[in-house]
Amino acid sequence: MPLIETSNLSVAYGTPARPVLTNIDLNIEEGEFVCLLGQTGCGKSTLLKLILGAEMPSSGRIRIDGVERKQPDRTRGYVPQKYSLFPDKTVLGNITFGPEVSEFNLFTRLTPRYFRRRRQFREDALGYIRRIGLHERDAHKYPHQLSGGMQQRVAIAQALATKPRILLMDEAFSALDPGTRKDMQRLIRQLWRDTGITLLFVTHNTQEALSLGSRVIVLAKETPDSGAHIAMDIPVPEPCHEHQIPTLVHHLEHASGSARAPEVAVLATA
Amino acid sequence: MSFGFQLVHARPSRASTLLLSWLLFSLGIGLYFYASQKRHRENPEDRVMPTVSQMFHGMSDASVKPAEDDDAVLPENASLRQKFFASMLWKDTLATSRRFIFSVALLIPAVLLGLHMGLFPYVGVVFLRFVLFFDKIVALSLLPILFIAFGIDELSKIMLIVIGVTPTIILDTFNLTKGVPSEQVVKAFTLGANDFDVAYRVVMRQIAPRVLNSIRLNLKAVMLFLFAGEMIASTDGLAYRIALLRRHMGMDVIIPYVLWVALLLFLVDFAMRLVNRKLHPWFQEA
């Protein structure tokens with residue numbers, strides 16, 4: 001059974017209804033690193049939000065591990081591009097927030113057991129802080145005191161702290177400068193290998209999609225008024241050699257720019 | 001076109017900032033004393049613009065002597081402290097402060113209502129229209145109704161403030177709650193938070209400094225309604241005294257009282273600003 005399964009998924013906004021996505025059938029297996037690629041406004045973020053449970057489809061269903069889920073919960077971690085950290089909490093507070101609220105509600109937080117557990121949460125959080133390449137002295141800084149790259153590192157640690165099976169990242173590195181972006185790509189690749197987590201990564205950058213994912217899905221619209229569909233779905237050869245990337249980029253950009261892609265087979269053997 | 005000096009790009013030096021920012025104060029004080037002196041030369045009995053010594057006398061009397069309508073009896077050899085705590089100024093300040101604190105405390109439920117309206121759609125649906133309607137009612141026009149319904153004691157005065165100020169606070173909190181990026185709420189849910197964790201540990205904490213600032217801005221409105229209530233129906237309080245002294249043209253006490261109220265309000269506002277900064281070190285004032 002696929003970990004994420006969408007069947008016949010369609011979304012339309014407004015009146016008269018303007019289709020955004022039409023008939024998306026997508027199966028994602030446990031442990032895949034799927035990059036969702038497409039031009040601006042093609043509905044890739046919408047698809048991510050549907051899987052996240054933050055938006056509802058007009059028709060069709062989404063099953064996470066066989067179960068339909070109507071709102072965001074612990075099964076799917078989330079790293080958005082902006083506002084990814086709680087501004088009122090320190091780095092440590094941001095990372096321990098997940099484990100804390102998962103185990104304790106507003107009332108059980110008053111019990112002595114909470115204070116004992118909190119020490120453990122903090123130690124775990126410091127472990128994560130080291131793992132994402134931050135210093136322990138950064139633990140008590142507030143998000144506004146960190147650079148954009150550091151903030152996204154903390155956001156990833158925060159999402160991983162509750163050990164979700166799925167991590168959804170929405171243009172998570174798009175606001176970063178190229179150098180930082182490369183570092184972040186290396187980090188997320190490493191974390192994916194280490195944890196075996198299932199990743200869905202939305203990006204508009206073809207190069208990024210190819211260097212990150214184990215599978216690239218291209219969303220495209222046939223006409224400007226129609227909803228987007230899956231134009232391409234290719235496994236990325238592992239390891240993807242640097243010299244192959246330019247050709248792949250060319251093919252993919254061709255696909256997301258125009259209609260269907262007959263060259264899927266060609267690429268799969270490339 | 002150039003004026004030969006910069007307007008937008010002007011950079012006042014420290015000295016000129018200090019000097020210019022106190023200019024209007026000194027001008028106002030100076031003009032008052034000039035006019036007051038002039039009037040007193042023409043008519044030594046003038047009551048409209050009392051001199052400094054008259055105001056000082058008025059205030060020192062007010063802060064050691066009980067009010068005329070107060071039948072508290074002090075022993076002959078009462079200490080200055082005892083005298084102060086039985087004095088008109090102290091008792092008036094106490095009465096007004098009590099009402100003020102009650103009213104501000106009643107804003108807390110208003111904040112919570114606004115939060116829930118913004119976060120839980122059903123609560124919003126039930127309350128939003130009603131609060132919007134309520135917000136448009138001119139609270140002072142309700143005063144007679146309140147006096148009839150609740151009598152002329154404390155309750156009606158506090159109700160006046162509640163009716164006058166809470167809709168603003170509710171709607172402001174509602175808008176602030178709506179302004180929290182949806183990513184934050186979604187993120188909290190993906191981390192295992194439940195609805196109430198999101199309400200109190202994520203959204204409330206984020207809007208708290210802005211809510212406090214909004215309450216600070218509305219302190220003026222609270223005082224306005226409080227004074228209206230006190231002036232019309234009360235037997236104590238700072239505004240009651242001001243209204244009472246007007247009958248005797250007691251400007252020597254009215255003017256210091258007005259300044260005293262302004263000072264108190266300034267101090268409350270300043271304290272709230274300090275508390276806000278201490279409680280929310282992460283908050284970046286926009």
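Tutor: In this predicted model, Cys35(A) stands opposite Phe201(A) in β7(A). Cys35(A) belongs to strand β3, residues 33-37 of chain A. Five bridges join β3(A) to β7(A), residues 198-203. The two strands run parallel.

β3(A) also pairs with β8(A), residues 215-221. That pairing is parallel too, over four bridges. Here Leu36(A) stands opposite Ile217(A).

Now burial. Five of the five residues of β3(A) are buried. In a regular strand, side chains alternate between the two faces of the sheet. Phe33(A), Cys35(A) and Leu37(A) lie on one side of β3(A). Val34(A) and Leu36(A) lie on the other. Both faces are covered.

Next, a helix pair in chain A. The axes of α2(A), residues 91-103, and α3(A), residues 112-131, come within 9 Å. They cross at roughly 130°. That angle makes α2(A) oblique to α3(A). The crossing is right-handed. From α2(A), the contact includes Val91(A), Leu92(A) and Ile95(A). From α3(A), it includes Phe121(A), Ala125(A) and Tyr128(A). By class, this contact has eight nonpolar, one polar and five charged residues.

Last, the chain contact. It takes 25 residues from chain A and 20 residues from chain B. On the chain B side, α10 (182-190) and α11 (195-232) are the elements that give two or more residues. The residues of that side divide into nine nonpolar, seven polar and four charged.

Notes:
Residues are numbered from 1 along each chain as its sequence is written. Chains are lettered from A and ligands numbered from 1 in the order in which they are written. This is a predicted model: local features need pLDDT of at least 70, side-chain atom pairs count only at pLDDT 80 or more; totals for chains, interfaces and linings use all residues. Two residues are in contact if their C-beta atoms, placed from the backbone, lie within 7 Å. Ala, Val, Leu, Ile, Met, Phe, Trp, Tyr, Cys and Pro count as nonpolar, Asp, Glu, Lys and Arg as charged, and the others, Gly among them, as polar. A residue is buried if 20 or more other C-beta atoms lie within 10 Å of its own, exposed if 12 or fewer, and partly exposed in between; C-beta atoms are placed from the backbone. Two strands pair if DSSP finds at least two bridges between them. Axes are lines fitted to C-alpha atoms, for helices over the stretch in contact, and angles run from 0 to 180 degrees between N-to-C directions. Angles under 35 degrees count as roughly parallel, over 145 as roughly antiparallel, 65 to 115 as roughly perpendicular and the rest as oblique. A crossing is left-handed if the near helix is turned anticlockwise from the far one by less than a right angle, and right-handed if clockwise.
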